[in-house]
Amino acid sequence: MAKTVTFDELGPVGLICIDNPPVNAISHAVRVGLIDAIAQAEKKSSIKVLLIISGGELFSAGADISEFDRPQGDPSFQQLQTRVESCHVAVVAAIHGLALGGGLELAMACHYRLAHKNARLGMPEITLGIIPGAGATQRLPRLIGARAALDMIFSGKPISAPDAKAKGLVDELVEGDLRVAATDFCKRLLQEKRGPRPTCNRTVVDSLDEAEIAAALLPHARALKGRTTQYLVVEAIQASKLSFSQGIAIEAALAQRSLACRESLALRHVFFAERESGKLRGVASTEPPLSIRRIAIIGAGTMGSGIAMAFADAGVEVLIHDNDPTALARSRNIVQTSYESSVKRGRISREVADQRLQGIRSVTELAEAAQADLVIEAVFEDLELKKHVVSELDKLLPEERIIASNTSTLSVTELAHATKHPLRVLGLHFFVPAQASRLLEIVRTDETSPESLEAAFRVAKLLKKVAVVARDAFGFIGNRMMLDGYFREAEQLLLEGATPAQVDAALENFGFAMGPQRVSDLGGNDVGTKARIQLFKRESRPDPYFVIADRLTEMGWLGQKTGRGFYRYESGGREAIADPEVISLIEKLAEERGIKRREIGDEEIVERCLLSLINVGAMVLDEGIAARAADIDVVWTSGYGFPRHLGGPMFYADTLGLAQVLQRIRHHHERLGHYWRPAGLIERLGAEGLSFEQWDRSSASH
Ligand code: T1G
């Protein structure tokens, strides 16, 4: 096994280098290597100072998350930190790229910290549902104060090196070659006779009262909705008022507790599921990968404009095409306004905004699209129109170029067959707003080539989006589950007596970012109706199937954009106001179907909406539209507002137990019929006491 830690002598400086690709995770092997290196150095009287540095792109991404489900093994993180901190010579950490979690904690156990000016330093543990467990809750308050420590740990996001310097976390910023500058810093320490400076001996300068803690939590309230880790963080940080040894013992106990929490199991599941879904599995491309320098987008509507910004933000040259010059002007205005507000909010500088705007060029000749490496059609959601566009592009583009469709409901296979080169056609399904939503559904047909798929994955990486592959079928993964499962059952509950406000509140309390009726009003009830019109051209669905939303569309109650939908919206506002006329409409639709209305509790609402979602998810797996249950979890947590800390619908089902899930689905099937027919996969796994996670593992080995 390659050495993950090396030790070299540079005169009086002992150089310890961590080299554990891809992210220098502080794994068990690295901890052993660091302890050995320190022992080696301490045997040499010539070594007067130690420098810890890393190879590769970053200092360290922290503890090795893949080791969390097994005992740490000696040396533990605590033992390592104590060894570093109690070293009889000064220990300096030199940080480049990123220093995260346990990696930053290692640096905090060192006596001095240098950082390259472009480095970033952070405590992302809360994004994994755990508290820092290698001393940060005790050392960070001693270095930057309890309040600042709380802010860093609650946000989970890295701060810049200059910021870290200003807070006192870093002693010096470095430009240019870090190793040279760090070695010079070590020699300067010796000249100035500055020795070890254990962080544990410092005291915490500020204290936290309830108001301070509440103020620190407030900015993260939305991100931490339904979570509990933040309270363990407060407990640990408060312990930093005690002696270091007392505090560190409390941290260790709380860290263990957080590790065992369902919240952390769920968030770690999503962490690895996102990385796994982004890999091209089971197909190898033979051609050299297509470089993506220029993109063309056909159709300058809201989606087209958002996709253009996503690529411009990634530094890719964008051509945006539309036959209608007013549409191009409108799109330009959308883009300009969006960048303007990003500049106003200080998210990007004026220069960057101008650069990105310049990177988007409007064209009216389709032939100009032939200059692009990849073309994405985002015209109106009409099959014949899209077929015409892709067949024109097929004539214009050199054979190796990719043609992608942003359709969300139409058959990508039919679009591919409108060309002479179906191998190069696939779906790139962006979500609203395309420049910000994390999810990208890559839709493959039976003919899509490995090269085209590989290019699609690289587009996702380029745009920093989470990619999930779906086989071409109605609604792919996300929309199919939303329409046939989750939203359909929400409507059924409305017909049976629940109100839109009750259904939305129940699911928002469960953890969804927004309830189904409010989402429908936000996106526009007509969008769903149009999707169903396309669906009914190829498949049927027994009544009732979105009878309320389709009636609202007929009446022009499209949602926020018309000031009325499932709710009322006063003068262009976003606040959803209950509308008694909608209730009367629902009562009438229920009566027409002989549906007896009754009081329905929140628990039943949540159970029925979640189980419908899960049941259709299992059908999507059974039909091979999604390759893994974990992929479905990625789709729903990164694209549909499913609470990440519950792991996604399929992980959630596993926590309920599939035998129990099956039993409840059968219970509802008896009363509600067709839409509750248990998916074959749930029947099989439920009967055998297996889980979706086990199914994923077994199908990976097939
Ligand atoms: N442990 C194990 N594997 C890791 C890892 C980690 N900490 N970080 C990344 N990987 C793997 C990842 O699975 C992928 O593997 C490959 O590295 C590249 O990652 C004691 C307990 C650093 C910003 O939360 O945020 O310290 O799929 O695709 O987009 O208190 O990875 O190729 O096989 O994400 O360039 C805290 C997690 C740990 C940081 C790089 N640290 N990592 O992003 O590459 S808890 C984190 C990231 C802790 C202490 C506690 C990102 C990144 P594969 P990637 P990237």
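**Note on a predicted single-chain model**

1. The accessible surface of the chain comes to about 29400 Å², and 54% of this area belongs to carbon and sulfur atoms; the areas come from the Shrake-Rupley method with a 1.4 Å probe, and for residues only the protein chains shown count as cover. This is a predicted model, in which local features need pLDDT of at least 70 and side-chain atom pairs count only at pLDDT 80 or more, whereas totals for chains, interfaces and linings use all residues. Residues are numbered from 1 along each chain as its sequence is written, and side-chain values use heavy atoms, with hydrogens and water left out.

2. The chain holds 29 helices and 17 strands, where helices (H or I, at least four residues) and strands (E, at least two) are DSSP runs numbered from the N terminus. With a radius of gyration of 28 Å, close to the 27 Å that the globule rule gives for 702 residues, the chain is as compact as a globular protein of that length; the radius is taken over C-alpha atoms, and the rule is 2.2 Å times the number of residues to the power 0.38. Taken along the principal axes, the box filled by the C-alpha atoms is roughly 90 × 60 × 55 Å.

3. Of the 702 residues, 56% count as buried, a term that means under 20% relative accessible area, while exposed means over 50% and partly exposed lies in between (1.4 Å probe, protein chains only). Among contacts (heavy atoms within 4.5 Å) between residues at least 6 apart in sequence, 74% join residues at least 24 apart.

4. The mean positions of the 83 positive and 90 negative charges are 4 Å apart.  Lys and Arg count as positive and Asp and Glu as negative, with His and the chain ends not counted; each charge is placed at NZ of Lys, CZ of Arg, CG of Asp or CD of Glu.

5. Two cis peptide bonds deserve a look. The bond from proline 21 to proline 22 is cis, with omega near 10 degrees, and proline 22 lies in the loop between strand 2 (13–18) and helix 1 (28–43). Valine 432 and proline 433 are also joined by a cis bond, with omega about -10 degrees, and proline 433 sits in the loop between strand 15 (425–430) and strand 16 (439–444).

6. Lysine 464, although not a glycine, has a positive phi of about 55 degrees; this residue lies in the loop between helix 17 (450–462) and strand 17 (466–471) and counts as exposed at 73% relative accessibility.

7. Phenylalanine 546, not a glycine either, has a positive phi of about 60 degrees. The residue is placed in the loop between helix 21 (525–536) and helix 22 (547–554), and at 5% relative accessibility phenylalanine 546 counts as buried.
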